[in-house]
Amino acid sequence: MTLDKFRPYISRFLDPFVKGFDRIGMSPDGVSIVAFGMAVLAAGAFFLGGRAAPVWYAVAAALVFLNGWLDIVDGALAREQEVASAGGDLLDHVLDRYADIVIIAGLAAGIGDYLLGFLAVTGVVMTSYLGTQAQAVGLDRVYGGLVGRADRLAIIGVVGFLAYPVSGEVAGLTLIGWLLVFLAVVGHLTALQRFFYSWSALE
C-alpha cells in the first residue's frame, strides 16, 4: 500500500500551485528547498509539542502536510517549465532524505526517546535507499511495499493532529512514541520487502 501510485490522479489539483509558482518565477529546485524548510520547521514544532505545549503538534502536522504537498508540486513544476533534469531529481531526493531525518529527529527529541528515534530513522532511510538502489543495479525505481514516503508523511501528519488533544500513555508510550515504533517496524519491513523484490527481479 502506497499513496505514491495515486500521484497521476491528483495532477488537476496541482495546476493552481504550479501556475502560481511559475508566475512568480520560482524554480523546481526553489520549491524543493522551500519544502525542506517546511520539514525543518515541522521538526522544531514537534520538539516544542513534546517539551512546551501540545498545540505545537498541530502546527507540526500542518507543516508536514505542506512538505509533502510541495514535494509533489516541484516535479509538476519541472514538467511545466520543461526543465526536468537528473540534477533536479538528485537535489529533490537528497532534500527528501534530510527532511525525513529532521522530522523524525524532532519527534524523538520532543519526547526524549532517542533509541526509538534511531530505529525509526534507520527504517525510513533504508526504505528510501532500497527504492533507489534497485535503480542503481539496473531495475526500475521501487516505490512499493507497506509504506512509501507519501504514506509516511500522511500518517505522521494525522498522528500529529491527534497528539494535540490526545494525551496520556499506553504501555509506557505516548501517541508520538507509538508513532516512532510504527515508523521503525514498518520502515524496516518495507525496506526488506523492497530488497527481496529487487533480489528476485535480478535472478
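Because the model is predicted, local features are given only where pLDDT is at least 70 and side-chain atom pairs only at pLDDT 80 or more, whereas totals for chains, interfaces and linings use all residues. Residues are numbered from 1 along each chain as its sequence is written, and side-chain values use heavy atoms, with hydrogens and water left out.

The protein chain holds 7 helices and 0 strands, where helices (H or I, at least four residues) and strands (E, at least two) are DSSP runs numbered from the N terminus. Along the sequence this gives the pattern α-α-α-α-α-α-α. The radius of gyration of the protein chain, 17 Å, is close to the 17 Å that the globule rule gives for 203 residues, so the chain is as compact as a globular protein of that length; the radius is taken over C-alpha atoms, and the rule is 2.2 Å times the number of residues to the power 0.38. The C-alpha trace spans about 50 × 50 × 25 Å along its principal axes. Of the 203 residues, 42% count as buried, with buried meaning under 20% relative accessible area, exposed over 50%, and partly exposed in between (1.4 Å probe, protein chains only). Among the contacts with a separation of 6 or more, 81% join residues 24 or more positions apart, a contact being heavy atoms within 4.5 Å.

Two packed helices are described by the angle between their axes and the distance between the axes. For helix α3 (residues 55-81) and helix α4 (residues 86-111), the axes come within 12 Å and cross at roughly 170°. That crossing makes α3 roughly antiparallel to α4, since angles under 35 degrees count as roughly parallel, over 145 as roughly antiparallel, 65 to 115 as roughly perpendicular and the rest as oblique. The axes themselves are lines fitted to C-alpha atoms, for helices over the stretch in contact, and the angles run from 0 to 180 degrees between N-to-C directions. On the α3 side the contact is made by Tyr57, Val64, Asn67, Asp71 and Asp74, and on the α4 side by Asp92, Asp96, Ala99, Ile103 and Ile111. By class, this contact has 5 nonpolar, 1 polar and 4 charged residues (Ala, Val, Leu, Ile, Met, Phe, Trp, Tyr, Cys and Pro count as nonpolar, Asp, Glu, Lys and Arg as charged, and the others, Gly among them, as polar). Asp96, placed in helix α4, counts as buried at 8% relative accessibility, and it touches Asp71 and Arg149 when residues up to four places away in sequence are not counted.

Phe17 and Trp69 form an edge-to-face pair, 5.4 Å centre to centre with 75° between the planes. Since Phe17 lies in helix α1 (residues 11-23) and Trp69 in helix α3, this pair ties together parts that are 52 residues apart in sequence. Phe17 is partly exposed at a relative accessible area of 39%, and Trp69 counts as partly exposed at 25%. Phe65 and Phe161, in turn, form a stacked pair, 6.0 Å centre to centre with 20° between the planes, which links distant parts of the chain, Phe65 in helix α3 and Phe161 in helix α6 (residues 149-163), 96 residues apart. Phe65 is partly exposed at 35%, as is Phe161 at 37%. Elsewhere, ring pairs link Phe195, Phe196 and Trp199 into a cluster.

Helix α6 also holds Ile155, which is partly exposed with a relative accessible area of 23%. Leaving aside neighbours within four places in sequence, Ile155 is in contact with Leu179 and Phe182.

Most residues other than glycine have a negative phi. Glu82, in the loop between α3 and α4, has a positive phi near 55° and is exposed, with a relative accessible area of 73%. Ala171, found in the loop between α6 and α7 (175-202), likewise has a positive phi near 55° and is exposed, with a relative accessible area of 71%.

Methods
Rings of Phe, Tyr and Trp (its six-membered ring) pair if their centres lie within 6.5 Å; planes under 30 degrees apart count as stacked, over 60 as edge-to-face and the rest as tilted.
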